[in-house]
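Please read it alongside the structure shown below.

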Amino acid sequence: SSSSSASSGDGGASRAPDTSLFVPVPLKPGLGSAADEDVGAELTRPLDKGEVLKNLNKFYKRKEIQRLGAENGLDARLFHQAFISFRKYIMESSSVSADLHIILNDICCGFVLLGHVDDLFPFFLRHAKQIFPMLDCMDDLRKISDLRLPPNWYPDARAIQRKIIFHAGPTNSGKTYHAIQRFLSAKSGIYCGPLKLLAHEIFQKSNDANVPCDLVTGEERVFANEDSRQAPHVACTIEMCSINTPYEVAVIDEIQMIRDPARGWAWTRALLGLCAEEIHVCGEPAAIDLVTELMYTTGEEVEVRNYKRLTPLTVLDYALESLDNLRPGDCIVCFSKNDIYSISRQIEARGLECAVIYGSLPPGTKLEQAKKFNDPDDPCKILVATDAIGMGLNLCIRRIIFNSIVKPTVNEKGEKEIDSITTSQALQIAGRAGRFGSSFKQGEVTTMHRDDLVQLKEILGEAVPPVKAAGLHPTPEQIEMFAYHLPDATLSNLIDIFVSLSQVDGMYFVCNIDDFKFLADMIQHIPLNLRSRYVFCTAPLNRKEPFVCTTLLKFARQFSRNEPLTFDWLCRHTKWPLAAPKNIKELVHLEAVHDVFDLYLWLSYRFMDMFPDAVLVRDIQKKLDDIIQIGVCNITKLIRASQSAAAPGTGEVVAEDFPLSRTQKDARAVSDRHSAASTEALSIAVEAAGLRRAKNLRPSRLGSRQEDVKSYGRGSLANRLLQEGLLTQEMLRQLESEWQDQHRNGRYGFGSKRDDQHSSKETRKKRK
């Protein structure tokens with residue numbers, strides 16, 4: 001199921017349900033009583049099952065019966081499934097009800113005046129409604145899943161006249177600053193941001209300005225007042241905002257995320273539901289029209305305040321081309337964790353220090369790395385990061401360097417794609433250079449590779465497409481009402497049917513709920529009440545982390561047995577205390593353990609009795625944060641340890657879902673899978689073999705060639721090419737030799753003599 005499942009409605013027309021989602025409830029045959037059997041047989045005679053089967057099949061083929069079925073909600077699929085079940089029920093039952101027995105007997109005996117196969121229809125329909133209970137309550141289900149008037153879900157907000165102020169502008173334009181100034185001057189206020197880091201920043205800023213402010217995130221509650229009284233101001237992650245508490249001012253940050261396929265519903269809920277006299281909305285101008293349109297449906301006007309960037313941002317006419325050209329204040333942006341590992345190692349090989357920031361690092365570690373990079377007295381002057389720097393961190397960056405302009409994404413249907421970054425993403429990241437108030441009065445942006453620079457200029461030159469629709473998500477109450485009507489359906493199936501039947505108008509879409517369904521399926525076998533099951537399924541976790549997923553499963557299992565999840569239990573499960581990581585694999589595991597602690601804390605605020613040791617867990621999480629920081633500070637040592645321990649010919653540091661190819665310039669010289677020499681040789685071999693590179697796929701969505709790109713990096717690429725007969729050992733050696741000769745002759749612009757020597761040494765080591 002996905003957002004596309006819930007296409008726009010058109011007024012009152014009800015949509016046909018996706019009946020492939022209707023799971024039949026199994027009915028056991030032979031439920032009739034002995035008395036029924038006696039009555040039926042006594043009034044007629046025992047049934048000839050052979051004749052019964054013949055007449056049942058005749059009934060199934062009747063066009064009139066199929067038409068009647070369709071009129072009663074049975075499309076061809078349901079009609080077929082219901083008939084198979086009906087036939088099986090009759091054929092395998094030792095007895096059937098007396099009235100059905102008599103009808104079957106009359107039909108089998110050929111008593112035309114008394115019985116005709118069409119007379120079976122009422123019995124067939126009764127059976128169909130038993131195995132498909134939704135047939136009897138389709139109108140109710142349609143009403144529950146009608147999502148066409150979201151403003152009406154928030155009567156408290158509709159009861160007041162709110163003033164909406166849209167602060168529109170690019171990154172580093174001061175739009176959020178002005179909204180926060182109004183927040184601080186108000187008697188009461190709420191700040192809603194997309195990240196814990198942003199909520200924490202406003203929490204600090206408010207309390208530093210002597211405006212008592214609480215912090216509320218999924219995992220944390222911090223009170224400004226020592227007696228735990230609620231402060232008049234609160235900074236929260238947007239999912240946690242209260243729509244029942246009245247405020248003078250509300251700030252909704254990064255409003256363009258209302259279009260996010262997974263989280264957009266939280267911005268829609270805040271925008272429509274917050275009870276504040278003034279709502280200050282901050283974000284890209286691309287969201288102005290949608291916000292204005294949404295507020296038109298609530299009868300509220302939008303005042304737009306436009307802001308321009310405070311410092312100039314220049315797109316350079318030259319690419320970096322070599323890490324030897326790095327300068328203090330440079331930030332290399334990668335879209336692959338393995339690229340981060342590899343580039344940071346190459347930078348260290350040049351005698352430079354670098355900070356590292358990527359999404360799965362704990363917030364505390366990200367802040368420490370940012371502090372290290374920003375500190376003018378620290379020798380660390382280079383930052384290597386993913387697009388995690390796009391929001392939530394204040395960084396003193398002179399120049400943004402895109403290592404690649406292709407990025408793995410998840411589309412609205414929950415499908416993985418590899419595509420060029422969007423204009424919105426490029427502007428968000430590039431805009432981090434030359435932050436107002438930093439030591440750099442203007443920002444610069446370029447790419448690592450010359451070929452990418454042309455495309456980056458194209459991307460940055462395009463207009464950001466307007467935000468077209470706002471996300472919605474079924475509420476626990478709606479799912480509970482669905483479950484009342486369909487008590488035998490699984491939670492995953494309930495959600496599927498809900499999305500299938502839901503109606504939305506053109507301004508909205510139903511958010512992708514694949515993560516929710518994944519967790520619902522994972523814990524389906526555990527006996528939980530519906531409300532608890534729903535809460536577990538909304539837990540924020542990365543489903544690509546097996547350790548975190550298995551922990552949630554264990555949490556749910558112990559919870560179902562009514563056994564509290566204690567601090568001692570958690571320590572045993574995570575093998576706490578943990579040592580500093582010796583390689584990348586251990587660092588990744590520590591990050592997963594940090595996520596497990598987050599999960600515990602998140603659940604502790606929803607089930608306090610069952611997760612009673614939040615204070616102790618928070619203490620060890622802080623210690624774990626320090627251990628992870630040690631690992632990140634020594635990241636290049638961990639990479640070396642990981643690569644020396646890797647199997648010959650691989651050198652893979654950590655498996656990734658989205659292996660990406662590089663340009664011919666260095667063919668992912670920064671790839672962790674091979675030394676620079678063998679990477680280039682392999683890239684040439686791949687090209688010779690006719691495989692298409694990701695960089696040449698812009699602006700298409702990769703189409704039929706996507707698999708070629710995705711296949712890069714599955715195991716050793718060298719082995720794969722050798723197995724497919726596209727490369728021989730001799731060819732591989734020859735390609736490496738040719739590449740080294742070309743490199744020395746200056747044909748490839750990336751790197752220096754030191755690169756050659758480093759690559760040759762690495763290649764010789766691997767050969768040994």
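Ile429 lies in helix α15, which spans residues 423–430; helices (H or I, at least four residues) and strands (E, at least two) are DSSP runs, numbered from the N terminus. This is a predicted model, in which local features need pLDDT of at least 70 and side-chain atom pairs count only at pLDDT 80 or more, while totals for chains, interfaces and linings use all residues. Residues are numbered from 1 along each chain as its sequence is written, and side-chain values use heavy atoms, with hydrogens and water left out.

**Ile429**
- Ile429 counts as buried because its relative accessibility is 3%; buried means under 20% relative accessible area, exposed over 50%, and partly exposed in between (1.4 Å probe, protein chains only).
- Beyond its neighbours within four places in sequence, Ile429 is in contact with Val333, Phe335, Asp387, Ile389, Ile400 and Phe402, where contact means heavy atoms within 4.5 Å.
- Gly390 is 39 residues from Ile429 in sequence, yet the two C-alpha atoms are 4.8 Å apart in space.

**Helix α15**
- Helix α15 is mostly covered, with 6 of its 8 residues buried.
- The buried residues of α15 are Thr423, Ser424, Ala426, Gln428, Ile429 and Ala430.
- Their cover includes the strands β9 (313–315), β10 (330–333), β13 (399–402) and β16 (443–447), together with helix α16 (450–461).

**Cysteines**
- A search of the whole structure finds 0 disulfides, a disulfide being a pair of cysteine sulfur atoms within 2.5 Å.
- Cys213 counts as buried, at 0% relative accessibility, and Cys380 is buried with a relative accessible area of 0%.

**Whole chain**
- The chain has 30 helices and 18 strands.
- Of its 768 residues, 54% count as buried.
- Among contacts in the chain with a separation of 6 or more, 76% are between residues 24 or more positions apart.
- The accessible surface of the chain is about 33600 Å², and carbon and sulfur atoms hold 52% of that area; accessible areas come from the Shrake-Rupley method with a 1.4 Å probe, and for residues only the protein chains shown count as cover.
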